[in-house]
Amino acid sequence: EHNILSLNIVSFNIWFTKSIFIGDNLKKKELELDIGDLVVYPTYGVGEIENFDSYDIDGSKQDFILINFKQDKMKLRIPKDKASSSGLRKLSNKNRLSKALDVLNEKPAIKKDMWIKRAKEYEKNINSGDPVLIAEVVRDLHKKEDSLEQQSYSERQIYLTALNRLSNEYAAVQNLEKKAAKGKLEELLNQ
């Protein structure tokens, strides 16, 4: 019995040491951001770095990033050391955005699940901030003008949220007006 306990402690120590070592190696690289950079925060979409500031919280200095989401008339302050783990990222590159646009040309996935389950999955995909996953939501929920009456209110709201997130990032990457970007995405969907 004593040997089993020793073995478990040794196993734990090896596991714990590996976890720390592996964890340190897998840490996300800190984002290099400047004031004026456009970034994507998963739950809010595209925002602009407005400022870097520090506050004294419980006796220790904390550095923060202030992000302005002009489209929502909202500002968000997040701790700089939590930026990567919160999902904050720079805008997608043109290659990643191209993959998202390719998704819009695919046939919609027909899902037989109950709406509430699909809605949760769609919300999760939107809040992931990944343009490819957001494009899947847009593709799956898009209805042509003549079939709009078949779409429920909640389905339409999720679709519009996804379309706005995708078109905002597309506009920022392609340096277009948001309305023009949205129009181009809808044009792709209606082909």
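In the hairpin of strands S3 and S4, four residues sit between the two strands, and Lys73 takes a positive phi near 50 degrees. Let's start from that turn and walk through the rest of this predicted model. In such a model, local features need pLDDT of at least 70 and side-chain atom pairs count only at pLDDT 80 or more, while totals for chains, interfaces and linings use all residues. Residues are numbered from 1 along each chain as its sequence is written, and side-chain values use heavy atoms, with hydrogens and water left out.

**The strands**

A strand here is a DSSP run of E with at least two residues, a helix is a run of H or I with at least four, and both are numbered from the N terminus. Two strands pair if DSSP finds at least two bridges between them.

| Strands | Sense | Bridges | Residues between the strands |
|---|---|---|---|
| S1 (residues 38-41) and S2 (residues 45-57) | antiparallel | four bridges | three residues |
| S2 and S3 (residues 60-69) | antiparallel | nine bridges | two residues |
| S3 and S4 (residues 74-79) | antiparallel | six bridges | four residues |

Which residue of S2 is the bridge partner of Leu38? Look for Glu48. Glu48 also has a bridge partner in S3, namely Asn68.

Now turn to the helices. Axes are lines fitted to C-alpha atoms, for helices over the stretch in contact, and angles run from 0 to 180 degrees between N-to-C directions.

Helix H2 (residues 94-105) packs against H4 (residues 131-141) at an angle of about 15 degrees, with the axes 8 Å apart. That makes H2 roughly parallel to H4 (angles under 35 degrees count as roughly parallel, over 145 as roughly antiparallel, 65 to 115 as roughly perpendicular and the rest as oblique). Contact means heavy atoms within 4.5 Å. On the H2 side, Arg96, Leu97, Lys99, Ala100, Val103 and Leu104 meet Pro131, Val132, Ala135, Glu136, Val138 and Arg139 of H4. By class, this contact has eight nonpolar, no polar and four charged residues. For these classes, Ala, Val, Leu, Ile, Met, Phe, Trp, Tyr, Cys and Pro count as nonpolar, Asp, Glu, Lys and Arg as charged, and the others, Gly among them, as polar.

H2 also packs against H5, at an angle of about 140 degrees and with the axes 11 Å apart. That makes H2 oblique to H5. Here Lys94, Leu97, Ala100, Leu101 and Leu104 of H2 touch Leu166, Glu169, Tyr170, Val173 and Gln174 of H5. The classes in this contact are seven nonpolar, one polar and two charged residues.

**Two arginines to find**

Leaving aside residues up to four places away in sequence, Arg139 touches Val103, Leu104, Glu106, Lys107, Pro108, Ala109 and Leu189.

Arg156 belongs to helix H5 (residues 153-174). With 26% relative accessibility, Arg156 counts as partly exposed. The C-alpha atoms of Arg156 and His142 are separated by 8.6 Å, and the two residues are 14 residues apart along the chain.

How values were computed:
Buried < 20%, exposed > 50% of the residue type's maximum accessible area, 1.4 Å probe, protein only.
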